Amino acid sequence: MSEKQAHLNGAYYGPSIPPKSQAYHRPGRGSDPLGCCCSCIFGLIFKLIMTAVVIVGLAFFIFWLIVRPNRIKFHVTEAHLTQFNFSNDNTLHYNLAINLTIRNPNKKIGVYYDRIEARAIYEGQRFSTYTSTTPFYQGHKKTNVVNPVFQGQQVIPDTKVLSEYNEQKNSGVYEIDVKLYLRVRFKLGLIKTGKFKPRVKCGLKVPLTQNGSSSVGTFETTKCDVDYFKSI
């Protein structure tokens, strides 16, 4: 009996008992339904935007292939300057007439001209304005001619203009700018656009004509520059 008691109270020499396992939870590994939902929404929006950009770009490219739009061309083919002189009180007396050709090179686009305003400028000083309010339509591949006339007198207070005038007077050729301010609409099939404001600049070198002739040659056809189209 005593041997059994000693055996029960003795040390245990069997295999070691493993400790109880404890669950370990890493922070941030849990699922976030709200974050997943936001990611899906942003991804969907991005895909929709990219799809729209591709569709618009493709539509524009197809439109360009079909229509092949070209800018309207402006030329001054004739210019007659029969008077251009300063009086003692810095008043400029002038008489200038030009032929302006407007060419629509497009095969599928027509142009409505609602207003044409032409300004005559000498050395940065505007001295006359011509306005045509008679609207007209220009068809496909058509050419129209407008005949602005600038006649009258205007006080030019800037003395620098007079000094430049004296130099050009010796050559007999005057550098005059004609700027056009237009109101136009475009037509493609049955579709009409809103109004646009093309600004056109024609840098002219016009010889003075006296008694129907000029001693320094004739005027040469001048191509005008279209600055830009601005929607209104």
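Mentor: We will set each value against its cut-off. Keep in mind that this is a predicted model.

Trainee: How many salt bridges are there?

Mentor: The count is 3.

Trainee: Why is the contact between arginine 185 and aspartate 114 called a salt bridge?

Mentor: The closest N and O atoms are 2.9 Å apart. The cut-off is within 4 Å, for a side-chain nitrogen of Lys or Arg and a carboxyl oxygen of Asp or Glu. So the pair of arginine 185 and aspartate 114 qualifies.

Trainee: What parts does the pair of arginine 185 and aspartate 114 tie together?

Mentor: Arginine 185 sits in strand 8 (residues 173-188), and aspartate 114 in strand 3 (residues 109-122). The pair therefore ties together parts that are 71 residues apart in sequence.

Trainee: What makes arginine 185 partly exposed?

Mentor: Its relative accessible area is 23%. Buried needs under 20% and exposed over 50%, so a value in between is partly exposed.

Trainee: Which residues are linked in a network of salt bridges?

Mentor: Arg115, Glu117 and Arg119. Glutamate 117 meets arginine 115 at 3.2 Å, N to O. Glutamate 117 also meets arginine 119, at 2.5 Å.

Trainee: How do you know whether glutamate 117 is buried or exposed?

Mentor: Its relative accessible area is 12%. The cut-off for buried is under 20%, so glutamate 117 is buried.

Note on methods: Residues are numbered from 1 along each chain as its sequence is written. This is a predicted model: local features need pLDDT of at least 70, side-chain atom pairs count only at pLDDT 80 or more; totals for chains, interfaces and linings use all residues. Side-chain values use heavy atoms; hydrogens and water are left out. Helices (H or I, at least four residues) and strands (E, at least two) are DSSP runs, numbered from the N terminus. Buried means under 20% relative accessible area, exposed over 50%, partly exposed in between (1.4 Å probe, protein chains only).
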